[in-house]
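Student: I would like to learn how to read side-chain features in a model. Can we take them one at a time?

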Amino acid sequence: MSENRYDDGNAGVISNYEKLCEYWRGRFLEIDEQELAVKLPELIWQEEHILLTYYGKEYRINRENGRIQGPGSMDSVSCENQLTIYNLLWYAKEGAHIQNRWVPFRSVRNASPFTSAFTAHVLQPFSETFSGHLEKLHHAAQKLGGIALPQGDAGYQIKAFDCIPVQFFFWDEDDEFQAQSNILFDYGVTDFIHVESTVSIASDGILRLAEEAGLPLKGHIYD
């Protein structure tokens with residue numbers, strides 16, 4: 001989404017992302033809490049907040065006003081992360097479950113129009129960032145609670161949300177080939193969240209891995 005901005009005459013200059021976050025905050029307030037608790041039983045309910053974990057970080061959603069806070073009480077949460085969380089809470093279907101049928105992004109339901117962008121702006125930055133840094137990737141994935149998988153030079157299943165595990169695979173560069181990577185989703189992922197948000201989930205996973213590895217992100221990641 002572009003970062004065009006507008007002046008509402010009162011609140012000052014607001015980005016399109018911020019405007020969209022406000023829209024989804026309003027939609028969150030329409031959700032039936034009892035139904036949400038059934039759809040996403042891993043949510044933790046407190047008197048004032050709903051707690052959930054996204055790539056190892058805890059977020060709090062205020063039950064009265066829908067605002068999202070990060071791990072620290074003063075932490076700001078990016079609009080991108082807010083939108084992903086709101087989309088999970090809105091789109092999760094009753095009876096959604098992990099099918100243990102792992103597929104590449106192009107095979108996720110309704111994802112095919114985004115495949116080229118996913119390759120260029122998700123997989124390529126993943127490969128470039130960790131090229132020559134295999135051990136740092138192992139360390140980062142383990143810090144995020146990743147479960148080691150046998151495929152690739154590094155393969156891990158990491159929980160984005162508790163209900164949405166993601167599989168990250170990486171093959172380091174050698175004398176003949178550049179570094180390569182792949183990301184697999186459970187086929188049932190779109191029963192939990194909108195297909196466009198799966199791109200954000202993959203991008204955020206790479207950003208968190210790079211953060212834990214202490215590496216600068218290379219390439220232009222999808223945003």
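Student: Is W24 buried or exposed?

Tutor: Keep in mind that this is a predicted model. Buried means under 20% relative accessible area. W24 has 8% relative accessibility, so W24 counts as buried.

Student: How is a pair of aromatic rings described?

Tutor: The description uses the distance of the centres and the angle of the planes. The whole structure holds 14 aromatic pairs. In one of them, the ring centres of W24 and Y91 are 5.9 Å apart and the planes stand at 50°, so this pair is tilted.

Student: Which parts does the pair of W24 and Y91 tie together?

Tutor: W24 belongs to helix α1 (residues 16-28) and Y91 to helix α3 (residues 79-91), so the pair joins parts 67 residues apart in sequence. Y91 is partly exposed, at 29% relative accessible area. Ring pairs also link Y23, W24, W90 and Y91 into a cluster.

Student: Which residue lies over the face of W24?

Tutor: That is R27, at 5.0 Å from the ring centre. Another case is R101, whose charged end sits over the ring of Y187, 4.0 Å from its centre.

Student: What about R109 and D191?

Tutor: Their side chains meet in a salt bridge at 3.4 Å, N to O. R109 is in the loop between β7 (102-104) and α4, and D191 in the loop between β11 (180-186) and α6, so the pair ties together parts 82 residues apart in sequence. R109 is partly exposed at 28%, whereas D191 counts as buried at 14%.

Student: How should I read a helix such as α6?

Tutor: For α6, 19 residues at 1.5 Å a residue should span 27 Å, and the end C-alpha atoms are 28 Å apart, which agrees. Of those 19 residues, 14 are buried, so α6 is largely enclosed by the rest of the structure. Just after α6, G214 takes a positive phi of about 70°.

Notes: Residues numbered from 1 in each chain as written. Predicted model: local features only at pLDDT ≥ 70, side-chain atom pairs only at ≥ 80, totals over all residues. Heavy atoms only, no water. Phe/Tyr/Trp six-rings, centres within 6.5 Å; stacked < 30°, edge-to-face > 60°. Helix = DSSP H or I, 4+ residues; strand = E, 2+ residues; numbered from the N terminus. Buried < 20%, exposed > 50% of the residue type's maximum accessible area, 1.4 Å probe, protein only. Lys NZ or Arg CZ within 6 Å of the ring centre and 35° of its normal. Expected span 1.5 Å × (residues − 1). Salt bridge = Lys/Arg side-chain N within 4 Å of Asp/Glu carboxyl O.
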